[in-house]
Structure formats: structure tokens, C-alpha cells
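Me: I'd like to go through the helix packing in this one. Here it is.

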Amino acid sequence: MKNYFVLTAFIILNSTIILAQNNTPQQTLLHQLIQQNQLTCSFALDQVEASNLDWKLNDSTASIGFIYKHIGEVMNLFGNFLEKPSAVPNTTMRQHDTGQGRDFIQSKQYIEQGFAMLQALVNEKTDEWWMLEIDTPFFGKVSKLRLFSHILYHNAHHAGQISLTLSKAQK
């Protein structure tokens, strides 16, 4: 386990140095935020597998599979507000768990696609673009940077739910 943490720190440090050489300070910061979010969430998300998708804390909570799919869907759907249209359908946002999260491969792809979309935005957009405001049905008028930060918070929030479910679930 100790080697894992050393290797992870080494990878983050090296990628940060490479990014810093080619990006503005704000881009470097945003890349680091994405990397940290991926690392923080990975402790739960990397434990999700086809065999535990149906696990729930209790009968009234969403399953691991539903939450896992929700993370990927929301990242991609929020891309629509950030000029990155997505074909990912909404089957989980403001929905009840009726078994939507049973396709592990698809959900994993949505999460990977969502993080790639965030990285692409950071690479492509100017510092000024991030400060532009947009109207959202959730928060009203907010800067694109605030919506970006909400995506990362949302990921971590639901990764925490998955972590709790993994440790305490009714299997």
C-alpha cells in the first residue's frame, strides 16, 4: 500500500511539472484539481465492480451501480453548459434507482469520458472564458469556473457515498 502512495505522488508531481511547462498558471491549477479529484475518488471508484453494483446501504438508498453511473452521466451532462455537448443520456439525475446502473463497462466509460472532457476544457479554454457566467437550472447564474468546481465536488460527494456503501452495505 505504501508503494502505491509513493508511486501516485510521483506520477502527480511529474505530470504537474510537465503541465506547468506548457500551460498558464490557471490551467496548471485546474489540471491539478482534476488530478486530485481523480485520486481522491479513486479510493472508492476503483473498488466498484460488476459484483457489487446492486449493493445498497438500505432499501431506501440508491445502489452503488446507480451512483457510479450518476457520476459519469452528470460530468458529461454538465459539459453541455461548458460548450462540450454530450450524447450521454440522463437516466439518473433527479431519478430514482430502478436498476439503471447495472452496466459496469458503460458507467466506467462515462466516468473516463467525463474526466477527459474536463481535461480538454482546461487545455482549450482561456482564463477569461472560465470567468464568464452562464445560466443553470440548478444554481442560477454562475461562472463556468464555479460549475467546474461543482462537478469535482459532486464527484467526491458521491464517491463518499459509494465508499460508505462498500463498507456498510446490505449485500
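Me: Which residues in H2 meet which in H6?

Reply: This is a predicted model. On the H2 side they are Leu30, Leu33, Ile34, Asn37, Cys41, Ala44 and Leu45. In H6 they meet Leu145, Phe148, Leu152, Asn155, Ala156, Ala159, Ile162, Ser163 and Leu166.

Me: What about H4 and H6, how do their axes cross?

Reply: The axes of H4 (residues 104-124) and H6 cross at roughly 155° and come within 12 Å. That is over 145, so H4 is roughly antiparallel to H6. The crossing of H4 and H6 is left-handed.

Me: Which residues meet there, in H4 and H6?

Reply: Phe115, Leu118 and Val122 in H4 meet Phe148, Ile151, Leu152 and Asn155 in H6. The residues of the H4 contact with H6 comprise six nonpolar, one polar and no charged.

Me: Switching to H3: how many of its residues are buried?

Reply: 15 of 15. H3 covers residues 64-78 and reaches 21 Å from its first C-alpha to its last, close to the 21 Å expected.

Me: Back to H2, which residues are buried there?

Reply: Among them are Gln27, Thr28, His31, Gln35, Leu39 and Ser42. Leu30, Ile34, Asn37, Cys41, Ala44 and Leu45 are also buried, and these six meet H6 too.

Technical notes: Residues are numbered from 1 along each chain as its sequence is written. This is a predicted model: local features need pLDDT of at least 70, side-chain atom pairs count only at pLDDT 80 or more; totals for chains, interfaces and linings use all residues. Side-chain values use heavy atoms; hydrogens and water are left out. Contact means heavy atoms within 4.5 Å. Helices (H or I, at least four residues) and strands (E, at least two) are DSSP runs, numbered from the N terminus. The expected span of a helix is 1.5 Å times one less than its number of residues. Buried means under 20% relative accessible area, exposed over 50%, partly exposed in between (1.4 Å probe, protein chains only). Axes are lines fitted to C-alpha atoms, for helices over the stretch in contact, and angles run from 0 to 180 degrees between N-to-C directions. Angles under 35 degrees count as roughly parallel, over 145 as roughly antiparallel, 65 to 115 as roughly perpendicular and the rest as oblique. A crossing is left-handed if the near helix is turned anticlockwise from the far one by less than a right angle, and right-handed if clockwise. Ala, Val, Leu, Ile, Met, Phe, Trp, Tyr, Cys and Pro count as nonpolar, Asp, Glu, Lys and Arg as charged, and the others, Gly among them, as polar.
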